Amino acid sequence: MEKFKKIESNAIPLPMVNVDTDMIIPKQFLKTIKRTGLGKNLFYELRYDEKDAPIDSFVLNQDKYKDSQILITGKNFGCGSSREHAPWSILDYGIKCIIASSFADIFYNNCFKNGILPIKLDESEVTKLQKAAENSLSFTIDLENQKISYFDKNINHEVNFELDKAKKTSLLEGLDDIGLTLAKVNHISDFENKQKSRTPWLYSQQIK
Amino acid sequence: MSTPKTLYDKIWNDHLVSENEDGTSIIYIDRHLVHEVTSPQAFEGLKIANRSVRKPNFTLATADHNIPTTNRDEGISDPESKLQVDTLEENCKEHGITFLSMSDKRQGIVHIIGPEQGFTQPGMTIVCGDSHTSTHGAFGALAWGIGTSEVEHVLATQTLVQTKAKNMQINIQGELPLGVTAKDIVLKIIQTIGTAGGTGYVIEYTGDAIKSLTMEGRMTVCNMSIEAGARAGLISPDEKTIEYLEGRPFSPAENEYQSASDYWLSLASDEGAAYDKTVNIDASDIIPQVTWGTSPEDVVSIDGLVPNPDDESDETKKKSMIRALEYMGLVPNTPLKEVKVDKVFIGSCTNGRIEDLRAASKIAKDRKVADHVNAIIVPGSGLVKQQAEEEGLDKIFIESGFEWREPGCSMCLAMNADKLKPQERCASTSNRNFEGRQGRGGRTHLMSPAMAAAAAINGKLSDCREI
């Protein structure tokens, strides 16, 4: 996984609540056996009409947000299915940071596995950032110092955010989770031996 | 005496491999269910890193999301779907994982076949790349949905790195009125706590109304925990659990069954165990529920009206209500019972079990599906289908005018050919009424199997108790 670096970009405002994973990437795009190439179908049904033509009013189709790396949205973002195609499509589009007042658990977790930073802030703070995003201001996301900053009318605004330490390290260092766990393979083997003597039927289960 | 523990505490403690310096824990995973949609990239990841599957015999795979429910002998006509299913089969062969193919009668929706095969047992940790893995919590197994990166992690290490969640108790006291089912309970719960109410929690369902449910009903409740935001739902194991599992293909052998059962019963939450939050709901207040909007929390009783956004004081909620009503093509204050339906879908991991088909068949018997309605029944597995046919349920459905299909996820997520056309309205026993979930522009109303069957007969949303 790539290391998470400081982001400087304007942000896409998407003030909708309960944006679900079917909205982020509809099922017809889940038939792929690859992780890449999903960005063009991100928010497909909001972004394209029934004839596949871009819907001008949708924010992702507006030129000024074409290269944005930040998405600012409403509460309970990413609810619904566990499909990692949702963060894959977001990343493939070029978005590396999502700001909302809350996220659904599985989606939140999936973000960190793909180098995306989801930031939780109070709803009032998110609303302020939405406004700034609508004015296409440029934001800096500094994970190292857990700080969002932006200039509005020559005034520098700074917003601090909380993040679990393990998740922060994982993003900053682009860690290979599986490699880290495999380094503790002795613990896993010990556990299996212990479990086998305590609940032996778990190990004798066979297809009949 | 030690501190009283919840079922969640006990399973967590029994699966703790080690605690990392950063506060996370390595948790052992006893069983892993795999399907075609969320696994190809995980197997590809293993290959790139030259890693193997640690416990192939703790892993069970099937194809369910992407397969046709008609003309099975012709195979899968959609080339992308076919590639995904073939890829799964090859990956299973390469790594020695049991794969139940489309032609195997044990094939079905992954969350139906786990319990049916006895692969799901109390006290286990179970994961799958699917959010409805919470279903298995009905057995007192800690079961949750994971993304593809974690599927790869489990394949390679048989563990996951986790942080312990908070624990919520949802207590359903009292007796369930006649004609009210597990689906109505869970819809009521989601309406009460909201789709983010369970975020960060593992929910344990307790109370007389939960205990009185069959294992099938308990699975329906736990299945939709994720619609309330909780990754896992749990019900303490009891005699019903033990009875259900006895003699199933993967269940403990006869000589081990007694010690397994003793262990299972010991896992039930202790008297006086502490929860981070408790919600109480009175079962006798619940009447059949249906959804009106595009979020599973948009629930009303069947005798109610389509809600009016003008009555909502919260501006954000009001806006999303207006959007939902527009999408659903509904006018505020319309009685639910006047809403006409075009399609009916009975099936899914929520309500595709034998008990669900029996309940629907009672309504369908000696009645006809309304002329303008297309109604399909999709059993949750090949074995559910076989059992239903042995009981003659297929004949009842076919005589009523329902279509009798092959098992799979089907119109719950509409990845195969079973989908709604724009603006078509469906009475569905599935779990999500999101925009576009059952097909672009499709309008979904979630309800129980008896309610869906009643909607098929009357051609509009109906109270199954009045048929």
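In the predicted model, helix H6 of chain B spans residues 182-193, and helix H8 of chain B spans residues 215-223. Their axes come within 8 Å and cross at roughly 20 degrees. Angles under 35 degrees count as roughly parallel. H6(B) and H8(B) are therefore roughly parallel to each other. Their crossing is right-handed. On the H6(B) side, the contact is made by Ala182(B), Lys183(B) and Val186(B). These residues meet Gly217(B), Thr220(B) and Val221(B) in H8(B). By class, the contact of H6(B) with H8(B) holds 3 nonpolar, 2 polar and 1 charged residues.

Helix H2 of chain B, residues 40-48, packs against helix H3 of chain B, residues 79-95. The two axes come within 10 Å, and the crossing angle is roughly 40 degrees. That angle makes H2(B) oblique to H3(B). The crossing of H2(B) and H3(B) is left-handed. H2(B) contributes Pro40(B), Phe43(B), Leu46(B) and Lys47(B). From H3(B) come Gln84(B), Thr87(B), Leu88(B), Asn91(B), Glu94(B) and His95(B). The residues in this contact of H2(B) with H3(B) divide into 4 nonpolar, 4 polar and 2 charged.

H2(B) also meets helix H5 of chain B, residues 148-157. Here the axes come within 8 Å and cross at roughly 50 degrees. H2(B) is therefore oblique to H5(B). The crossing of H2(B) and H5(B) is right-handed. Gln41(B), Ala42(B), Phe43(B), Gly45(B) and Leu46(B) form the H2(B) side of the contact. Their partners in H5(B) are Thr148(B), Val151(B), Glu152(B), Leu155(B) and Ala156(B). The contact of H2(B) with H5(B) has 6 nonpolar, 3 polar and 1 charged residues.

The side chain of Glu44(B) meets that of Lys34(A) in a salt bridge, with an N to O distance of 3.3 Å. The count between chain B and chain A is 8 salt bridges. The size of an interface is often given as the accessible area lost when the parts come together. Chain B and chain A bury about 6,100 Å² between them. Of this area, 53% lies on carbon and sulfur atoms. Chain B gives 85 residues to the contact, and chain A gives 61 residues.

Notes
Residues are numbered from 1 along each chain as its sequence is written. Chains are lettered from A and ligands numbered from 1 in the order in which they are written. This is a predicted model: local features need pLDDT of at least 70, side-chain atom pairs count only at pLDDT 80 or more; totals for chains, interfaces and linings use all residues. Side-chain values use heavy atoms; hydrogens and water are left out. Axes are lines fitted to C-alpha atoms, for helices over the stretch in contact, and angles run from 0 to 180 degrees between N-to-C directions. Helices (H or I, at least four residues) and strands (E, at least two) are DSSP runs, numbered from the N terminus. Angles under 35 degrees count as roughly parallel, over 145 as roughly antiparallel, 65 to 115 as roughly perpendicular and the rest as oblique. A crossing is left-handed if the near helix is turned anticlockwise from the far one by less than a right angle, and right-handed if clockwise. Contact means heavy atoms within 4.5 Å. Ala, Val, Leu, Ile, Met, Phe, Trp, Tyr, Cys and Pro count as nonpolar, Asp, Glu, Lys and Arg as charged, and the others, Gly among them, as polar. Buried area is the accessible area (1.4 Å probe) that two parts lose on being put together, summed over both. A salt bridge is a side-chain nitrogen of Lys or Arg within 4 Å of a carboxyl oxygen of Asp or Glu.
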